[in-house]
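Here is a friendly briefing to read alongside the structure viewer. Take a moment to look over the chains, then work through the points below.

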Amino acid sequence: MSVLKITKYLKAGRSKANLWLMLVAVLLSFGASAPRQDEITKEYQVKAVFLYNFTQFIEWPPDAFAQPDAPLVIGILGPDPFGKYLDETVQGEKIDGHPLVVQRFHTLAEIAHCQILFVNRDEKSEWKQIFDYAKAQHVLTVGDVTNFSKQGGMIRFFPEDNKIRIRINLTSVKNAELKVSSKLLRLAEIVEP
Amino acid sequence: MLRRNTPIQQKLMKVIMLTSGAVLLLTCSSFFAYEFVTFRQSSMRELSTLGEIIATNSTAALAFDDSTAANEILSALKAERHIVAAGVYDADGKLFSYYRASRNQTPFPTVPEADGYQFAAAYFGGYQPIVQGDKRLGTLYLKSDTGAMYERLKLYGTIALLVVALSFLLAYLLSRNLQHGITTPILALTETAKAVSDRHDYSVRAVKQVDNEVGVLTDAFNHMLTRIQEQNLALNESSAKIVAFNQRLEQRVAERTAELEASNKELESFSYSVSHDLRAPIRSIHGYGNILKEEYASVFDAEALRLIQTILRNSKRMGQLIDDLLAFSRLGRKELMRFDVSVQDIVQIIVEEQKSIEGDRPLEIKIEKLPNAFADLTTLRQVWINLVSNALKYSRDRERSIVEIGSFEKDGALIYYIKDNGAGFDMKYYDKLFGVFQRLHSQKEFEGTGVGLAIVQRIIAKHGGKIWAEAKLNEGATFYFTLSGMSSSAVAVNEN
């Protein structure tokens, strides 16, 4: 949008006197790349809420938790796109007695016990390893990379009509012994591997 | 037949229909009343239940920001016709998704109000939280049309009416079929009773169809019929006997009467011929006696003359007896020639004649008004001659004979009477009064043959009348008589 504005200015300003103004405008528009950053963050704000909401529409088997009041851990693998939003969202929330906690993992090796794992890495070579882990440990794998769900990821966010939609790989979910609420399934696209 | 059957059937039907109708009406109206009273509550409950379902279903759509899915869920409300509007607000109170039954609706509230449902004039509705787990995700707004609600109430009413109508029809059909069990035996009994009374046929029997009270009634009725039939038979037999007996009696009477008549006739003709034949020799005796007395009066001494005189007197009396007897006998044969006769004139003349016979003896004869009679002149004159002469004869030894002749009317009959102050008679001999040759006084006291009153009675009887008398010894006698066939015109003339 800001690019469009600049072009308008470029088209409008034909005189020499406007040249300075143009320069200022360009400079300003570069300086105004902060809202663009906001836009991205807003998308991830929604995704952060979605991540939190998953905790309400997905049921984990009892052995996914060490004890009844063990925290429900939302893990992030790779760079954290949510910033503080996810922390803010889950702040003080509890699901069935499990307090919500966010943990960030930078490498595969770092991955510790968690219930939801947001995979923000494009290394498809790692995915197999991640998905196997998720299957064994009843971890809900979430990602927004292309083909994430087709490759065996459980839930993928994808944009459609300026909205974020959900795609679910039911087989993977079932393999991990997780139960997805029919209400959630109703909204989601189901993927057959 | 059908018309005759209707009353009891109708009555039964009426009873059944009224009872079932009352029960049905009471049931349905109480049902309806209950429905009406609890309608708001149940509508409210239904709306909140519906809201609960919608809210529960729309949690995920709200959680994952899918207004399309939310719209889909809300549009399912189309099935609920009374829902005019529904909306889902997100946790920030922003309208997230909505549904409208039609386009022309008042706008949605921009911000959800307090939870709960409320009634307004034409609508009722309210807000309900959308909760997943214990997390409130948003608010559901529902608005229901009360018109539709009352429409449902109307439907209830219609159903109730339909049920009443159907039940009524069913009751009618059932009762029409079931009442046959009660009415048919009664009607059959009635039919039999009617047949009996119409045709007087006591041989008819009612057929016993059931074994209840009506059956007992039927038996009793049949038993009664049997008894009546038996009694009737006995009655008929005895009355037949009576009829036969009467006929025999009548026949016997007729026979006897005929016999009597025949013998009477025989007797009459015998006495007539006897008296007729006796007349010639007695005249001969009298005639030769007279000759003997006149031709040989100088020869006979006093004793011989007295004997001759006795012979003459007795033969004369014998002749008189025979004449009277002949007159009496002739009456039996004579036909009456009836005319309008002036009794007044007849009596007047006879009294004058009799007066002259009596000489200068003191007499007091009073003649009252005497109406005309429709009678045979000759014989009626005979009646009056005999009665008047009798009255004078039997009062001869009184210082003064007082005779009263008159008439009066009694029970529409004209009665003539003649009363004297003479010797009268003892009523215990009344039976002999009108007999032939029967006399209540001796020949020495009062001369006579004893035929006079017999003749009088016979004449009056021939006229179809009746004679009777009242008397006391030495205190006079009164004779009364009627003549049937008296001309009414004559009576009328005399009255005038």
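B:Asp411 has 5 other C-beta atoms within 10 Å, so it is exposed. Please keep in mind throughout that this is a predicted model. The predictor assigns the complex an ipTM of 0.71 and a pTM of 0.45.

**Confidence**

- Chain B has a mean pLDDT of 85, with 95% of its residues at 70 or more.
- Within chain B, strand E12 (residues 477-482) has the highest mean pLDDT of the elements, 94, while helix H12 (residues 488-495) has the lowest, 42.
- Over residues 487-496 of chain B, pLDDT stays under 50, and the model has 15 contacts beyond four places in sequence for that stretch.
- For chain A the mean pLDDT is 79, and 79% of the residues reach 70 or more.
- Residues 1-15 of chain A stay under 50 in pLDDT, with 11 contacts beyond four places in sequence in the model.
- Residues 21-36 of chain A are also below 50, and this stretch has 10 contacts beyond near neighbours in sequence.

**Chain A at a glance**

- Chain A contains seven helices and 10 strands.
- Of its 193 residues, 33% count as buried.
- Taking contacts in chain A between residues at least 6 apart in sequence, 60% join residues at least 24 apart.

**Where the chains meet**

- The contact draws on 13 residues from chain A and 12 residues from chain B.
- Helix H3 (residues 59-63) of chain B supplies four residues, the largest share of the side of chain B that touches chain A.
- By type, that side of chain B has five nonpolar, four polar and three charged residues.

- Helix H2 (residues 39-57) of chain B has 19 residues and spans 26 Å from its first C-alpha to its last, close to the 27 Å expected at 1.5 Å a residue.
- Which residues of H2(B) are buried? They are B:Ser43, B:Leu47, B:Gly51, B:Ile54, B:Ala55 and B:Asn57.
- In helix H4 (residues 67-75) of chain B, the buried residues are B:Ala69, B:Ala70, B:Ile73 and B:Leu74.
- Their arc around the axis is only 140°, so they too lie on the same side of H4(B).
- What covers the buried residues of H4(B)? The cover includes helix H7 (182-187) of chain A, along with H2, H3, strand E1 (83-90) and strand E2 (95-100) of chain B.

**Annotated transmembrane regions**

- An unreviewed UniProt entry annotates residues 12-34 and 155-174 of chain B as "transmembrane region".
- In the model, residues 12-34 of chain B are 100% helix and 0% strand, and the end C-alpha atoms lie 33 Å apart.
- Residues 155-174 of chain B are likewise 100% helix and 0% strand, with the end C-alpha atoms 28 Å apart.

**A closer look at B:Phe119**

- B:Phe119 belongs to strand E3 (residues 116-119) of chain B.
- Is B:Phe119 buried or partly exposed? With 13 other C-beta atoms within 10 Å, B:Phe119 is partly exposed.
- Leaving aside residues up to four places away in sequence, B:Phe119 touches B:Arg40 and B:Phe124.
- B:Thr146 is 27 residues from B:Phe119 along the chain, and their C-alpha atoms are separated by 8.9 Å.

- Most residues other than glycine have a negative phi.
- B:His200 has a phi near 55°, a positive value in a residue other than glycine.
- B:His200 lies in the loop between helix H6 (180-199) and helix H7 (213-295) of chain B, and it counts as exposed because it has 8 C-beta neighbours inside 10 Å.
- B:Asp411 is not a glycine, yet has a positive phi of about 55°.
- Where is B:Asp411 found? B:Asp411 is in the loop between strand E9 (401-410) and strand E10 (413-420) of chain B.

Definitions and conventions: Residues numbered from 1 in each chain as written. Chains lettered and ligands numbered in written order. Predicted model: local features only at pLDDT ≥ 70, side-chain atom pairs only at ≥ 80, totals over all residues. pLDDT = per-residue confidence, 0-100. Helix = DSSP H or I, 4+ residues; strand = E, 2+ residues; numbered from the N terminus. Contact = placed C-beta atoms within 7 Å. Expected span 1.5 Å × (residues − 1). Buried ≥ 20, exposed ≤ 12 C-beta atoms within 10 Å, placed from the backbone. UniProt positions renumbered as here; feature names shortened; annotations may be inferred. Nonpolar A, V, L, I, M, F, W, Y, C, P; charged D, E, K, R; others polar. Arc of directions from axis to C-beta.
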